[in-house]
Amino acid sequence: MCRTIGMFSKADMKEIESGIEKNFIMYEMNAKECIGCGAFITKNENTTTNRLTCIPCKYMKKPQYEICWICLKPWIGQGSTNCGNPDC
């Protein structure tokens, strides 16, 4: 195994390490990637809402700063539990 890893270029190794970090953040920390800016967002364990605000998107004034935790699409509904997207 070590011999194979040693054959990767620096760019390949950086991409592999980035993927490992991303997987750790997403699965171990229960985070999801924002569709607007790529930042990782987490849902408070005590909340029942699926409507999340991406703070980086909000401050960059991107239109999709409110997203659905379930389908990761822009929030178009009025409430806090149903995003209004037809396939969610």
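## Cysteines and the disulfide count

A disulfide is a pair of cysteine sulfur atoms within 2.5 Å, and in this predicted model the count by that rule comes to 0 disulfides. The sulfur of cysteine 54 has its closest cysteine sulfur in cysteine 34, at 3.6 Å, which is too far for a bond. Cysteine 54 is also buried, with a relative accessibility of 0%.

Cysteine 88 counts as partly exposed, its relative accessibility being 42%.

## Confidence and overall architecture

The predicted model has an average pLDDT of 79, and 82% of the residues score at least 70.

Of its 88 residues, 18% count as buried, while the protein exposes about 6700 Å², of which carbon and sulfur atoms supply 54%. Among the contacts with a separation of 6 or more, 29% are between residues 24 or more positions apart.

Asparagine 50 lies in the loop between strand S2, residues 40-42, and strand S3, residues 51-53. With a relative accessible area of 14%, asparagine 50 is buried, because buried means under 20% relative accessible area.

The side chain of asparagine 50 makes a polar contact of 2.8 Å with the side chain of lysine 43. When residues up to four places away in sequence are not counted, asparagine 50 touches Lys43, Ile67, Cys68, Trp69, Ile70, Trp75, Ser80 and Thr81.

## Salt bridges

Side chains of opposite charge can pair when their charged atoms come close. The count by the rule used here comes to 2 salt bridges. In one of them, arginine 51 pairs with glutamate 66, and the closest N and O atoms are 2.9 Å apart. Arginine 51 lies in strand S3 and glutamate 66 in strand S4, residues 66-68, so the pair ties together parts that are 15 residues apart in sequence. Both partners are partly exposed, arginine 51 with a relative accessible area of 26% and glutamate 66 with a relative accessibility of 25%.

Lysine 73 forms a salt bridge with aspartate 87, and here the closest N and O atoms are 2.5 Å apart. Lysine 73 and aspartate 87 each lie in the segment after S4, so this pair ties together parts that are 14 residues apart in sequence. Lysine 73 is partly exposed, with a relative accessible area of 30%, whereas aspartate 87 counts as exposed, at 56% relative accessibility.

Lysine 58 lies in helix H3 and counts as partly exposed, with a relative accessibility of 41%. Once its neighbours within four places in sequence are left aside, lysine 58 is in contact with Thr53 and Tyr65. The C-alpha atoms of lysine 58 and glycine 36 are 9.9 Å apart in space, although the two residues are 22 residues apart in sequence.

Methionine 60 is found in the loop between helix H3, residues 55-59, and S4, and at 46% relative accessibility methionine 60 counts as partly exposed. The C-alpha atoms of methionine 60 and cysteine 37 are separated by 9.1 Å, with the two residues 23 residues apart along the chain.

Definitions and conventions
Residues numbered from 1 in each chain as written. Predicted model: local features only at pLDDT ≥ 70, side-chain atom pairs only at ≥ 80, totals over all residues. Heavy atoms only, no water. Buried < 20%, exposed > 50% of the residue type's maximum accessible area, 1.4 Å probe, protein only. Helix = DSSP H or I, 4+ residues; strand = E, 2+ residues; numbered from the N terminus. Polar contact = N/O pair within 3.5 Å; in protein donor to acceptor, adjacent residues only side chain to side chain. Contact = heavy atoms within 4.5 Å. Areas by Shrake-Rupley, 256 points an atom, 1.4 Å probe, with all protein chains shown as cover. Salt bridge = Lys/Arg side-chain N within 4 Å of Asp/Glu carboxyl O. pLDDT = per-residue confidence, 0-100.
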